[in-house]
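This briefing goes through one protein chain, topic by topic. Keep the structure in view while reading.

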Amino acid sequence: MTDTAPAVQEEREAPASRSPGAGNLIIKIILVGLIDALLIYCLAQAWTAGWWPAVVFFAIVLIAVNAVYFTKGNLPLKYLIPGLVFLIVYQLFMMLFTAYLSFTNYGTGHLDSKDAAIVAIQASNVVPVEGGTEYAVVPIEQNGTVSMLVTDPATNQVRIGTNEGLTEVPAGDVQRDGDRVTGVSGYQSLNLASLSGNPDLKAQWDALSPPVNADEGTYLRAISITRAREARSGFTYDEAQDAMINTATGEVYLANNDDGAFINATTGQRLNPGWTVGVGFSNYVKLLTDQTIRESFLPILLWTFAFAILTTFLNFSLGLALALILQERRMRGKGIYRVLLIIPYGLPVILTALVWQGMLNADFGIVNQILGANIQWLNDPWLAKFSVLMVNLWMGFPYFFLVCSGALTSVPADLKEAAFVDGASSRHAFRTVVLPLLLVATAPLLVTTFAFNFNNYTLINLLTGGGPFSGSAINGGSTDLLINYTLRVAFTPANQQMGLASAIAMLIFVIVGSVSAYGFRLTRKLEEIGR
């Protein structure tokens with residue numbers, strides 16, 4: 001009995017000991033299965049769109065996820081693979097895509113392929129067919145897709161029209177109100193109210209062009225909610241000449257594959273839209289050779305450097321000075337002062353910038369009310385620059401105050417005492433002993449602060465909006481940083497120059513990367529000195 005009892009007990013305890021492993025396996029299968037489902041969906045979408053690099057990427061990730069999580073070992077990869085995937089998607093891909101765009105003319109009027117441009121030109125230049133037939137029509141919808149129910153006035157034949165063609169409707173499926181056709185079985189008839197209330201349905205209706213005679217290039221275009229007329233495009237594409245030809249005047253617009261546009265050789269007139277083409281280094285060259293762009297770009301570049309350098313220097317200097325003051329042993333209430341000094345760092349940047357914007361308002365801001373003056377803090381170019389620096393100092397010095405307070409406590413006291421024994425003054429001891437050791441700890445933070453403020457879009461956008469502006473906003477404002485100017489160039493309505501903006505973005509990347517690399521090299525030298 002004594003031998004069998006432990007055996008029975010072990011058998012009873014065995015499932016309990018195995019159950020956690022089985023449970024973890026089930027959870028792992030479920031989680032990896034969900035990830036697999038997402039990846040398969042993305043792969044299918046990329047395959048449908050013909051985006052082959054994405055197909056390869058999702059296939060590799062799908063294989064890697066299952067290989068890593070369903071095999072023993074590879075423990076580091078189990079933790080690293082999610083980060084690696086996001087790094088590739090959100091950093092590497094974005095950087096490579098931005099670099100690619102910087103060598104193209106991608107922007108307003110050049111957003112798609114040449115084939116899409118031809119279709120768009122033909123669709124936007126529609127002329128009615130002289131003596132063409134007018135048809136009674138009804139907008140109809142099925143599963144979110146809008147079609148045109150067309151009644152031929154000569155034969156009373158009813159057909160469903162789409163951009164692909166016209167399909168005859170069996171007489172038994174036609175719904176009528178007297179002699180008037182009102183709908184068809186299986187479809188919902190739409191009226192003006194239902195179209196106006198749904199922008200997607202309205203856009204589909206406006207884009208409908210059911211072909212009438214493919215050889216003659218005629219199709220139906222709605223002229224109202226109940227009527228459509230035969231029309232044709234004002235341009236035809238001649239593949240032999242690689243040109244668009246005006247059907248009314250016979251003018252020829254030859255394709256210029258360097259500019260990505262159809263251009264009339266005689267008048268120089270261009271047809272819109274064009275298409276995306278590679279332009280080499282022309283976007284980079286334009287920054288220095290195009291007078292309009294150069295007059296905006298160079299001052300903004302210099303101000304961006306000045307803003308990043310001055311902000312880093314002022315924040316570090318004030319933070320260090322306050323940290324040194326609060327190290328004084330004779331000072332009382334240090335805890336209260338420390339709490340008060342870090343309050344600006346604890347407030348949201350958006351809230352702080354908007355509050356300061358109101359306080360610096362020339363008409364009703366509290367700063368001018370206290371001073372009893374009418375100073376244009378945000379409307380004068382130089383005062384606006386000064387205001388931006390001061391507000392950023394207010395928000396940034398607590399960070400370096402905290403960092404320097406901690407770094408100062410790590411400076412060995414015996415080194416300072418040795419300097420005093422050698423007859424050094426407090427100022428000399430600080431400059432030769434304390435500051436070099438302090439820079440060893442803070443130099444990497446100075447580099448990252450410079451990089452952050454070089455691209456401090458949020459503060460500029462909230463406080464001044466990049467202004468004041470001496471001319472058009474597209475030419476840049478007095479407080480615009482390169483990042484603010486880049487977004488304005490990229491997304492100004494009716495004049496989006498995304499290729500040029502991508503070139504500026506790559507320039508920002510090179511500048512920040514180079515300065516950061518040089519800064520970290522200096523940091524290593526300081527560390528060697530610290531040893």
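Predicted model: local features only at pLDDT ≥ 70, side-chain atom pairs only at ≥ 80, totals over all residues.

**Transmembrane annotation**

An unreviewed UniProt entry lists "transmembrane region" for residues 25-44, 50-71, 83-103, 300-324, 336-356, 386-408, 429-452 and 498-520.

**Two of the listed spans**

- Residues 50-71 are 82% helix and 0% strand. The C-alpha atoms at the ends of residues 50-71 are 32 Å apart.
- Residues 498-520 are 100% helix, with 0% strand. Here the end C-alpha atoms lie 32 Å apart.

**Domains**

- The chain is divided into domain 1 (23-102), domain 2 (114-233) and domain 3 (288-530).
- Between the C-alpha centres of domain 2 and domain 3 there is a distance of 60 Å.

**Helices H8 and H14**

- Helix H8 covers residues 291-325 and helix H14 covers residues 426-454. Their axes come within 10 Å and cross at roughly 140 degrees.
- H8 is therefore oblique to H14, since an angle has to be over 145 degrees to count as roughly antiparallel.
- The crossing of H8 past H14 is right-handed.
- On the H8 side, the contact is made by Thr304, Phe305, Phe307, Ala308, Ile309, Thr311, Thr312, Phe316, Leu320 and Leu324.
- On the H14 side, the contact is made by Phe430, Leu435, Leu438, Leu439, Thr442, Leu446, Thr449, Phe450, Asn453 and Phe454.
- Of the residues in this contact between H8 and H14, 14 are nonpolar, 6 are polar and none is charged.

**Cis peptide bonds**

- Most peptide bonds are trans.
- The bond from Asn272 to Pro273 is cis, and its omega is near 0 degrees. Pro273 sits in the loop between strand S16 (270-271) and helix H7 (282-289).
- The bond from Gly467 to Pro468 is also cis, with omega near 0 degrees. Pro468 belongs to the loop between helix H15 (457-463) and helix H16 (482-491).

**A positive phi**

- Most residues other than glycine have a negative phi.
- Asn143 is a residue other than glycine, and its phi has a positive value, near 55 degrees.
- Where is Asn143 found? Asn143 is in the loop that runs between strand S2 (134-142) and strand S3 (145-151).

Methods. Residues numbered from 1 in each chain as written. Heavy atoms only, no water. Domains from an automatic or database assignment. UniProt positions renumbered as here; feature names shortened; annotations may be inferred. Helix = DSSP H or I, 4+ residues; strand = E, 2+ residues; numbered from the N terminus. Axes fitted to C-alpha atoms, helices over the stretch in contact; angles between N-to-C directions. Parallel < 35°, antiparallel > 145°, perpendicular 65-115°, else oblique. Left-handed = near helix turned anticlockwise from the far one by under 90°. Contact = heavy atoms within 4.5 Å. Nonpolar A, V, L, I, M, F, W, Y, C, P; charged D, E, K, R; others polar.
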